[in-house]
Amino acid sequence: MKNIINKIKEKDNICIFILFFLISLGICLDIFIEANDEIWNFQNVYKMYNGFKIYEQINVIITPFFFWLAEITFHIFGANLFIFRLCHCVLISVLSLYTYKILKKLNVPKSLAIFTISILIFQEFFGLIRGCFNYNILALLFCIIGIYFLIEEKTKNNLIIQAIITILVILTKQNIGIYYLLGNIIYIIFSKNALKT
């Protein structure tokens, strides 16, 4: 019986991912190329792909994880704007999936959880999805995943998970990482159920 329930949950997660991937793909492919953050981030990553050194030959003031990840992606799939936008669609889809999983963990009914995510996505129609593949959304994704594990697991292993996620957030965008670290510290201090042995 547990195997059947787990398979249903897995299909549920796959459906949510595919749904929001298609929504974000439809929006992303309709965005005109303009002088904005997308082009700025793309050209920085493209320079790294061509051998330029971050912080030395490229004017970047953010911690480097996003740029490293994007550069690796370019080496694997090709260095072009289409791949850059596909990465953004995957990012938005995983963000939607983990938001859905958090709502389910909080016992929000499935239909209401999907509706809530849809509202979040569509109210940010000109923001989150149109914001392009960037370090802010990647840092937000790490935070959401961290919150999910904070709810999911109450063991000492969660300290290790939260430490890794905090490092990833700091390496992606330093100020968001500091806020996430402070949030974790406050949670551990004030939550009686933060850890179980």
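Leu181 is partly exposed, with a relative accessible area of 34%. On this scale, buried means under 20% relative accessible area and exposed over 50%, with partly exposed in between (1.4 Å probe, protein chains only). The model is a predicted one, so local features need pLDDT of at least 70 and side-chain atom pairs count only at pLDDT 80 or more, while totals for chains, interfaces and linings use all residues. Residues are numbered from 1 along each chain as its sequence is written, and side-chain values use heavy atoms, leaving out hydrogens and water.

Leu181 belongs to helix H8, residues 174-190; helices (H or I, at least four residues) are DSSP runs, numbered from the N terminus.

Now over to H4, residues 81-105. H4 is mostly covered, with 19 of its 25 residues buried. Asn80 caps the N-terminal end, where a side-chain oxygen lies 3.1 Å from the backbone nitrogen of Phe82. After H4 comes Asn107, with a positive phi near 65 degrees.

The structure holds 2 salt bridges, a salt bridge being a side-chain nitrogen of Lys or Arg within 4 Å of a carboxyl oxygen of Asp or Glu.

| Salt bridge | Closest N and O atoms |
|---|---|
| Arg85 with Glu38 | 2.7 Å |
| Glu152 with Lys105 | 2.7 Å |

Take Arg85 and Glu38, which form a salt bridge. Arg85 lies in H4 and Glu38 in helix H2 (residues 37-49), so the pair ties together parts that are 47 residues apart in sequence. Arg85 counts as buried at 9% relative accessibility, and Glu38 is buried too, at 5%.

Glu152 forms its salt bridge with Lys105. Glu152 sits in helix H6 (residues 135-152) and Lys105 in H4, so this pair also ties together parts 47 residues apart in sequence. Here Glu152 is partly exposed at 36% relative accessible area, and Lys105 is partly exposed at 39%.

Conventions:
Helices (H or I, at least four residues) and strands (E, at least two) are DSSP runs, numbered from the N terminus. The expected span of a helix is 1.5 Å times one less than its number of residues. A polar contact is a pair of N or O atoms within 3.5 Å; within protein, one must be able to donate a hydrogen and the other to accept it, and residues adjacent in sequence count only if both atoms are side-chain atoms.
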